[in-house]
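Work through these exercises with the model open beside you. Try each task before you read its solution.

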Amino acid sequence: MKIYLILVALLVAEVNAHDGGADAQRDVVSIPAYPEYPAKQELAGGKRAAAAARAFIGSLAEEQKQRVVLAEDAPQRKNWSNLPAAYVDRSGLHLGALSKRQRVLLFEFLAASLSKEGYQLVAEIIAGEAFLSTEKEAEKHRWSPENYWICFYGMPNDASTWSYHFGGHHLAINMTFREGVLYSMSPCFIGNSPGVFRYAGKDY
């Protein structure tokens with residue numbers, strides 16, 4: 001049975017128990033439980049990523065599929081950014097639009113395309129957004145751990161070229177696979193601010 005790792009707290013009560021004070025009284029955006037990176041997983045690669053991507057896409061409703069799978073040469077492919085959601089319109093589906101099962105499948109796909117260290121880094125950047133979501137200006141900037149988007153350019157397969165974008169505030173991953181092999185991981189942006197923080201009793 002798969003073990004799930006909760007990277008950030010889900011309930012306001014948990015925050016109050018650890019931190020106290022006026023800031024702890026603010027509502028905390030609910031974060032899904034992210035699948036832990038599989039301990040015995042083989043090295044990430046194009047064929048595994050394509051299979052996991054198709055499993056995720058297969059879980060979506062038809063309207064969601066139309067939004068998340070675009071043409072390989074779609075003009076939206078150039079419109080990536082690391083800015084908060086309030087300042088950039090992004091293509092695809094965001095975490096807040098997915099069911100719990102769909103989120104699990106999405107993160108299984110990310111695990112299939114990233115190393116263990118890369119997967120953990122992505123998860124910690126999202127945890128940083130959960131920290132920012134408790135700040136006074138969170139609503140203005142739309143700081144939220146649910147505001148990360150996934151979009152595919154071309155249907156994932158082993159015979160041709162396809163790409164995916166996953167990103168949001170402080171994160172922009174763009175990967176291209178060609179005939180089952182990773183071809184490019186550019187452009188890419190990985191950051192965080194603050195670089196070190198404490199959230200719900202845990203240090204990041």
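**Exercise 1.** Does Gly 46 count as buried or exposed, and at what relative accessibility?

Solution. The model is predicted, so local features need pLDDT of at least 70 and side-chain atom pairs count only at pLDDT 80 or more, while totals for chains, interfaces and linings use all residues. Residues are numbered from 1 along each chain as its sequence is written, and side-chain values use heavy atoms, with hydrogens and water left out.
- Start with the cut-offs: buried means under 20% relative accessible area, exposed over 50%, and partly exposed in between (1.4 Å probe, protein chains only).
- Gly 46 has 5% relative accessibility, so it counts as buried.
- Helices (H or I, at least four residues) and strands (E, at least two) are DSSP runs, numbered from the N terminus.
- Then look across the chain. Asn 157 is 111 residues away from Gly 46 along the chain, yet their C-alpha atoms are separated by 8.6 Å.

**Exercise 2.** Classify the ring pair of Phe 107 and Tyr 119, and locate both residues.

Solution. 
- A pair of aromatic rings is described by the distance of the centres and the angle of the planes.
- Rings of Phe, Tyr and Trp (its six-membered ring) pair if their centres lie within 6.5 Å; planes under 30 degrees apart are stacked, over 60 edge-to-face, and the rest tilted.
- The whole structure holds 11 aromatic pairs by this search.
- For Phe 107 and Tyr 119, the centres are 6.3 Å apart and the planes stand at 90 degrees, so the pair is edge-to-face.
- Phe 107 is in helix H4 (residues 100–113) and Tyr 119 in helix H5 (residues 116–132), 12 residues apart; the pair links distant parts of the chain.
- Phe 107 and Tyr 119 are both buried.

**Exercise 3.** Classify the pair of Phe 152 and Tyr 164. Then find the aromatic cluster that holds both residues.

Solution. 
- The ring centres of Phe 152 and Tyr 164 lie 6.4 Å apart, with planes at 50 degrees, so this pair is tilted.
- Phe 152 sits in strand E5 (residues 148–153) and Tyr 164 in strand E6 (residues 161–168), so the pair ties together parts 12 residues apart in sequence.
- Phe 152 is buried at 0% relative accessibility. Tyr 164 is buried at 1%.
- One aromatic cluster is formed by Phe 56, Phe 109, Phe 152, Trp 162, Tyr 164 and Phe 177.

**Exercise 4.** How many residues and what reach do H4 and H5 have?

Solution. 
- The expected span of a helix is 1.5 Å times one less than its number of residues.
- H4 has 14 residues and reaches 20 Å from first C-alpha to last, close to the 20 Å expected.
- H5 has 17 residues and reaches 25 Å from first C-alpha to last, close to the 24 Å expected.
- Now check cover: H4 is mostly covered, with 11 of its 14 residues buried.
- The buried residues of H5 include Val 122, Ile 125, Ile 126 and Leu 132.
- Phe 197 is in the loop between strand E9 (189–190) and strand E10 (198–199). Phe 197 is buried, with a relative accessible area of 6%.

**Exercise 5.** Which residues line the largest cavity?

Solution. 
- On a 1 Å grid over the protein atoms alone, a cavity is a set of points where a 1.4 Å probe fits but cannot get out; lining residues have an atom within 4 Å of a point.
- The search finds one cavity of 30 Å³ or more.
- The largest cavity has a volume of about 100 Å³.
- Its lining is Gln 76, Arg 77, Asn 79, Trp 80, Arg 90, Ser 91, Trp 149, Cys 151, Tyr 153, His 165 and Asn 174.
- E5 gives the most to this lining, with three residues.

Technical notes. On a 1 Å grid over the protein atoms alone, a cavity is a set of points where a 1.4 Å probe fits but cannot get out, and a pocket is an open set with protein on both sides within 12 Å along at least five of seven lines; lining residues have an atom within 4 Å of a point. Grid points are joined across faces, edges and corners, and a volume is the space filled by probe spheres set on the points.
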